[in-house]
Amino acid sequence: MQKKLIAVAVAAALTAPLASQADMKIYGRAHVSVDQLDDGTDSGLNVSSNSSRIGFKADKELENGMNALFQVEQEIRYDNGSGADWASRDSFVGLKGDFGMVRLGYFDTPLKTVRGRVDLFGDQIGDARNLTRLREFGADFDTRFRNGIHYRTPSFNGLSADLHYSTNNNSDTNPPADNADATSMSLTYRSDDIYVGLAHEKRESDDFSAVRLGAYYDFGDFRLTGLGQWADLKAAGDVDTYGLGLRYKMGKTALKGQYYWVDTDGTDTDANMLAVGLDYSLDKSTKVYVAYARTDNDNNAAFSMAGGGHGAQIKPTVGENIDGFSVGLLYNF
């Protein structure tokens, strides 16, 4: 960890002289919580670092009217002093201009982005990924593609499209194995108070795919969210996930709740998850929060409520219900 921190400091020193030329920026997030978690068998108190990160990015205007893009981002663990490898999160190079944007690297898929836009408990307990990722059935949605090629169209009156292709999503071997590619694409509409995203993703080697529809609507101090996901999995057949959420802002305070449920083809393999919480903004970059989440599993199900971007990821015993209470601090810099 000491070597990694030294590397971060050296990188910051080396990139500082480039700031005026390429708008170099150091950014990140510190997100730590104290959680009381119960996996249905045991319970205990935990300190968790929840997708905390540090990154470096640049956006340089070129003489031909285009912009060159660069970003490298990695996870930081404030809870145990360890850290992930460099470029463990969204990292890429690319170009943007009147034609849209092209990126090459390792970053979120369009399918994952749709969930992130409507998830009221992202990186907290109650994260929607607990019921959308579907690792319980051998799938792995809401991840990043290796060896990714991404194109985003310009926005036409709020409407844009994304196409993300992985030449080899299973490993870094070259040439790639047969059927190791993957695709993810979306069509998105955004206005001041409406977001709608429709996405499709397919992994060839693992033989699973999904269609996802996510939306939110802002009216007054309220935000209403919704998500539907229809997955086709080789090992489990059809697995459908649905979610609804509501947030109400009162000045610096926001009350929020969301409910997700899974409907499967299997016997007693369904589950549902409820999350409620309160956020309080100390300023534009800092907030504290409290949250409670619970997942109820059928007799043959083992879905969590502490997973996704939450650092302490616990898996219940099959058929057990699981819940937790969390107090957290989030600071963006």
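**Strand pairing and hairpins**

Analyst: Phenylalanine 219 has phenylalanine 222, in β12, as its bridge partner. Before going further, please note that this is a predicted model, in which local features need pLDDT of at least 70 and side-chain atom pairs count only at pLDDT 80 or more, while totals for chains, interfaces and linings use all residues. Residues are numbered from 1 along each chain as its sequence is written, and side-chain values use heavy atoms, with hydrogens and water left out.

User: How are strands defined, and when do two of them pair?

Analyst: Strands are DSSP runs of E with at least two residues, and helices are runs of H or I with at least four; both are numbered from the N terminus. Two strands pair if DSSP finds at least two bridges between them. Here β11 and β12 pair in the antiparallel sense over 12 bridges. Their hairpin has 2 residues between the strands, and glycine 220 takes a positive phi near 65 degrees there.

User: Over how many bridges do strand β10 and strand β11 pair?

Analyst: Strand β10 (residues 194–203) pairs with strand β11 (residues 208–219) over 10 bridges, in the antiparallel sense. Within this pair, glycine 197 stands opposite glycine 214 in β11. The hairpin of β10 and β11 has 4 residues between the strands, and aspartate 207 has a positive phi near 55 degrees in it.

User: In which sense do strand β1 and β2 pair?

Analyst: The sense is antiparallel, with 7 bridges between strand β1 (residues 25–38) and β2. Valine 32 has serine 49, in β2, as its bridge partner. In this hairpin, with 4 residues between the strands, the phi of glycine 40 is positive, near 95 degrees.

**Positive phi and burial**

User: Which value does phi of serine 51 take, and is serine 51 buried or exposed?

Analyst: Burial is judged by relative accessible area: buried means under 20%, exposed over 50%, and partly exposed in between, with a 1.4 Å probe and protein chains only. Serine 51 has a phi near 55 degrees, a positive value in a residue other than glycine. Serine 51 lies in the loop between β2 (43–49) and β3 (53–61). Its relative accessible area is 11%, so serine 51 is buried.

User: Where does asparagine 157 lie?

Analyst: Asparagine 157 is in the loop between β7 (144–152) and β8 (159–166). Asparagine 157 also has a positive phi, of about 55 degrees, although it is not a glycine. With a relative accessible area of 77%, asparagine 157 is exposed.

**Salt bridges**

User: Which residue forms a salt bridge with arginine 129?

Analyst: The partner of arginine 129 is aspartate 127, and the closest N and O atoms are 2.8 Å apart. Arginine 129 and aspartate 127 are both buried. Both belong to a network of salt bridges that links Arg29, Arg53, Arg115, Asp119, Asp123, Asp127, Arg129, Asp142 and Arg212.

User: Are arginine 203 and glutamate 201 buried or exposed?

Analyst: Arginine 203 counts as buried, because its relative accessibility is 5%. Glutamate 201 is likewise buried, with a relative accessible area of 0%. The side chains of arginine 203 and glutamate 201 meet in a salt bridge of 3.0 Å, N to O.

**Two glycines**

User: Where is glycine 324 placed?

Analyst: Glycine 324 is in strand β17 (residues 322–332). At 3% relative accessibility, glycine 324 counts as buried. Glycine 319 is in the loop between β16 (286–297) and β17, and counts as partly exposed at 25% relative accessibility. The C-alpha atoms of glycine 319 and leucine 233 are separated by 21 Å, the two residues being 86 residues apart along the chain.

Conventions:
A salt bridge is a side-chain nitrogen of Lys or Arg within 4 Å of a carboxyl oxygen of Asp or Glu.
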